[in-house]
Amino acid sequence: MAHILAIESSCDDTSAAVISNGQISSNCVAGQQVHEQYGGVVPELASRAHHENIIPVVHAALQQAGIGLQQLDAVAVTAGPGLMGSLLVGTSFAKGLALALNKPLLAVNHMHAHIMAHFIDEPRPTFPFLCLTVSGGHTQLVLMRHYFDFEIIGQTIDDAAGEAFDKAAKMLGLPYPGGPLIDKYAASGNASAFKFAEPNMPGFDYSFSGLKTGILYFLQKKTKENPDFIAQNLADLCASIQATIIRILLNKATAALRQHGLTRLAIAGGVSANSGLRAALKALAAKDGWELFVPEFQYCTDNAGMIAMAAHYQYEQGIFADQSLVPDPRLSLTAAVAAKTIS
Ligand code: KG4
Ligand code: ZN
């Protein structure tokens with residue numbers, strides 16, 4: 001039985017998980033409240049908080065799994081993409097631990113891991129399937145042929161879907177991260193109260209910066225006429241903005257499913273926690289006759305469980321890193337298969 005400890009520290013969550021023979025036995029996450037007051041993640045503060053959190057979080061993950069350090073067979077860590085300072089805390093810690101234990105090191109790609117979260121629990125998607133990865137930093141449509149055989153068939157050319165949620169929330173005066181708050185207020189609002197222009201992008205690529213500007217100009221105009229406009233219409237604004245983002249996401253995803261003759265759609269990343277997106281997808285899947293896969297809530301936003309799952313497959317395939325590992329803030333998804341293969 002192989003036990004792997006996985007560490008995730010790419011953005012503002014410090015997380016550690018243990019996986020034993022493909023079964024997650026713990027997944028501990030320490031969030032960072034310090035960024036709320038700044039309206040976004042402050043990289044230097046994130047690194048410092050990771051520093052404080054990493055030992056207690058690893059300790060908790062091992063304890064919950066009932067595993068001692070000496071029983072570990074490998075140490076896995078997010079190598080990118082993410083914030084350099086944040087990634088450095090995780091990779092330095094993992095390299096040090098692997099060296100001290102004389103165990104192999106596994107370098108995991110954060111975006112690949114978001115997709116691998118689908119293999120943690122049943123029902124698992126069978127290949128091939130389309131994965132819509134929607135996080136704070138990325139929006140990608142990935143055609144998955146196998147664990148390490150995939151193709152990005154569409155992605156955002158500017159802002160990510162999560163950024164669209166967070167920036168819209170900021171304009172509405174909501175604290176960071178605003179995505180979950182828009183979700184919450186949208187539940188009691190009218191989604192057709194306000195109309196926002198949708199981008200006209202060719203192929204399967206996305207763009208969200210036009211929507212952001214559209215919302216900004218709309219709010220500026222309305223608050224000039226009535227300074228209380230936002231407060232008086234918060235739920236309707238949240239519902240209308242959320243519905244627009246969901247429509248943009250779904251139009252491309254369903255077109256990609258059709259064009260590639262696929263019958264399975266998986267969603268991953270923080271924005272896949274959005275209840276409006278989940279409900280819209282569920283209804284569409286039932287209507288159009290394709291299968292929808294949504295990971296459990298704790299595996300949607302950043303967590304080490306998904307890193308552990310990706311690490312499990314890398315361990316099985318012999319895709320290891322070594323002490324020369326340097327994190328890459330802009331690591332591309334294709335690098336998920338580029339790590340050294342030792343057979
Ligand atoms: O995957 P993730 O945890 O971190 C990144 O790798 O970026 O995604 C974070 C993003 C943030 O933009 C956050 O606002 C968004 O996911 N998010 C949501 C919801 N929960 C998290 N957006 C909309 N509705 C939600 N319920
Ligand atoms: Zn993420």
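Mentor: Sorted by residue type, the lining of the largest pocket has 19 polar, 15 nonpolar and nine charged residues. Keep in mind that this is a predicted model. That lining runs to 43 residues in total, around a space of about 1300 Å³. If you want to find the middle, go to Asp12, Gly136, Asp166, Tyr176 and Pro177, the lining residues nearest the pocket's centre.

Now for the helices. α3 (110-116), α4 (161-171) and α5 (179-186) each give the lining at least two residues. The biggest share is α4's, with six residues.

Then there's the sheet. Five strands make an open sheet with mixed pairing, in the order β3-β2-β1-β4-β5. β3 (23-30) and β5 (105-109) sit at the edges, each pairing on one side only. From one strand to the next, the twist averages 20°. One place to look is Ala17, whose bridge partner in β3 is Asn27.

α9 (residues 304-317) packs on it and touches β1, β2, β3, β4 and β5, with its direction at about 135° to that of β1. α2 (residues 84-101) lies across β1 (3-8), β4 (74-80) and β5, and runs at about 155° to β4.

Notes
Residues are numbered from 1 along each chain as its sequence is written. Chains are lettered from A and ligands numbered from 1 in the order in which they are written. This is a predicted model: local features need pLDDT of at least 70, side-chain atom pairs count only at pLDDT 80 or more; totals for chains, interfaces and linings use all residues. Side-chain values use heavy atoms; hydrogens and water are left out. On a 1 Å grid over the protein atoms alone, a cavity is a set of points where a 1.4 Å probe fits but cannot get out, and a pocket is an open set with protein on both sides within 12 Å along at least five of seven lines; lining residues have an atom within 4 Å of a point. Grid points are joined across faces, edges and corners, and a volume is the space filled by probe spheres set on the points. Helices (H or I, at least four residues) and strands (E, at least two) are DSSP runs, numbered from the N terminus. Ala, Val, Leu, Ile, Met, Phe, Trp, Tyr, Cys and Pro count as nonpolar, Asp, Glu, Lys and Arg as charged, and the others, Gly among them, as polar. Two strands pair if DSSP finds at least two bridges between them. Axes are lines fitted to C-alpha atoms, for helices over the stretch in contact, and angles run from 0 to 180 degrees between N-to-C directions. Contact means heavy atoms within 4.5 Å.
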